[in-house]
Amino acid sequence: RWEGIHRKSEEYKQLKEERSQYLWTVLEKVIPDIKQRAKIVRVGTPLTHKRFLNRYKGSYGPAIKAGEASFPFPNTPLKNLFVCGDSCFPGIGVPAVAGSGLLTANSLSFDSIAPQIQLLK
C-alpha cells in the first residue's frame with residue numbers, strides 16, 4: 001500500500017493519519033486521554049523505515065507466517081557465524097533485539113553467563 005507514494009504527498013499524510021488512528025484507538029481504551037497527554041507524536045511508516053533504516057521496502061523483522069514458523073536462533077549453517085537483531089529470536093523491538101544480542105553472546109561461551117548475571121544484580 002505504501003509503495004509508489006511520495007513521502008511529501010497529501011496521499012502519504014492521509015494514509016499515515018489513517019493508519020495511526022488504529023493505534024490511538026487501542027491506546028485510548030487503556031489511557032482515555034492519551035492524545036491530550038502526548039507532548040510529541042512521531043508516526044513511522046514503511047517509508048520512514050526504508051529512508052532512515054535502509055530496510056527493504058520498509059520492512060523489519062523476518063517474513064514469518066503466524067503459526068508456521070518462529071524467529072530463527074543465533075546459529076547459522078556456517079561454522080562460527082552467529083547473528084542477532086530484529087530478524088532473530090526473540091524478535092522485533094529494542095528489548096527483543098537486546099535479548100537477541102544476549103542470546104548470541106551466550107551462544108559463543110557459557111562462561112559469559114555468570115559475569116552478566118552479576119552485572120544485573
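Student: Where does Trp-2 lie?
Tutor: Trp-2 lies in the segment before α1. Helices are DSSP runs of H or I with at least four residues, strands are runs of E with at least two, and both are numbered from the N terminus. This is a predicted model, in which local features need pLDDT of at least 70, side-chain atom pairs count only at pLDDT 80 or more, and totals for chains, interfaces and linings use all residues. Residues are numbered from 1 along each chain as its sequence is written, and side-chain values use heavy atoms, with hydrogens and water left out.

Student: Is Trp-2 buried or exposed, and what makes it so?
Tutor: Trp-2 has a relative accessible area of 12%. Buried means under 20%, exposed over 50%, and partly exposed in between, with a 1.4 Å probe and protein chains only. Trp-2 is therefore buried.

Student: What makes Trp-2 and Tyr-12 an aromatic pair?
Tutor: A search of the whole structure finds two aromatic pairs. In the pair of Trp-2 and Tyr-12, the centres are 5.7 Å apart and the planes make an angle of 70°. The pair links distant parts of the chain, with Trp-2 in the segment before α1 and Tyr-12 in helix α1, 10 residues apart. Rings of Phe, Tyr and Trp (its six-membered ring) pair if their centres lie within 6.5 Å; planes under 30 degrees apart count as stacked, over 60 as edge-to-face and the rest as tilted. The Trp-2 and Tyr-12 pair is edge-to-face. Both residues are buried.

Student: Which residues line the largest pocket?
Tutor: The lining consists of Trp-2, Lys-16, Arg-19, Ser-20, Leu-23, Val-43, Gly-44, Thr-45 and Pro-46. A pocket is found on a 1 Å grid over the protein atoms alone, as an open set of points where a 1.4 Å probe fits, with protein on both sides within 12 Å along at least five of seven lines; lining residues have an atom within 4 Å of a point. The volume of the largest pocket is about 180 Å³. Helix α1 (residues 10-30) gives the most to this lining, with four residues. Two of the lining residues, Trp-2 and Lys-16, are 14 residues apart in sequence and 9.5 Å apart in space, C-alpha to C-alpha.

Student: Why is the contact between Glu-18 and Arg-19 called a salt bridge?
Tutor: A salt bridge is a side-chain nitrogen of Lys or Arg within 4 Å of a carboxyl oxygen of Asp or Glu. The side chains of Glu-18 and Arg-19 meet at 3.9 Å, N to O, and form a salt bridge. Glu-18 is partly exposed at 46%, and Arg-19 is partly exposed at 39%.

Student: How many salt bridges does the search find?
Tutor: The search of the whole structure finds two. Arg-37 and Asp-33 also meet in a salt bridge, at 3.4 Å, N to O. Arg-37 is exposed, with a relative accessible area of 52%, whereas Asp-33 is partly exposed at 34%.

Student: How do you know that Cys-84 is in no disulfide?
Tutor: The search finds zero disulfides. For Cys-84, the nearest cysteine sulfur is that of Cys-88, 6.7 Å away. A disulfide is a pair of cysteine sulfur atoms within 2.5 Å, and Cys-84 is in none. Cys-84 is partly exposed at 48%, while Cys-88 is buried at 5%.

Student: What sets Asn-80 apart in its backbone?
Tutor: Asn-80 has a positive phi of about 65° although it is not a glycine. Asn-80 lies in the loop between α3 and α4, and at 65% relative accessibility it counts as exposed.

Student: Which residues does a cis peptide bond join?
Tutor: The cis bond joins Phe-89 and Pro-90, with omega about 10°. Pro-90 lies in the loop between α3 (46-53) and α4 (94-108).

Student: Is Phe-52 buried or exposed?
Tutor: Phe-52 is exposed, because its relative accessible area is 60%. Phe-52 is placed in helix α3. Phe-52 and Ile-92 are 40 residues apart in sequence and 17 Å apart in space, C-alpha to C-alpha.

Technical notes
Points joined across faces, edges and corners; volume = space filled by probe spheres on them.
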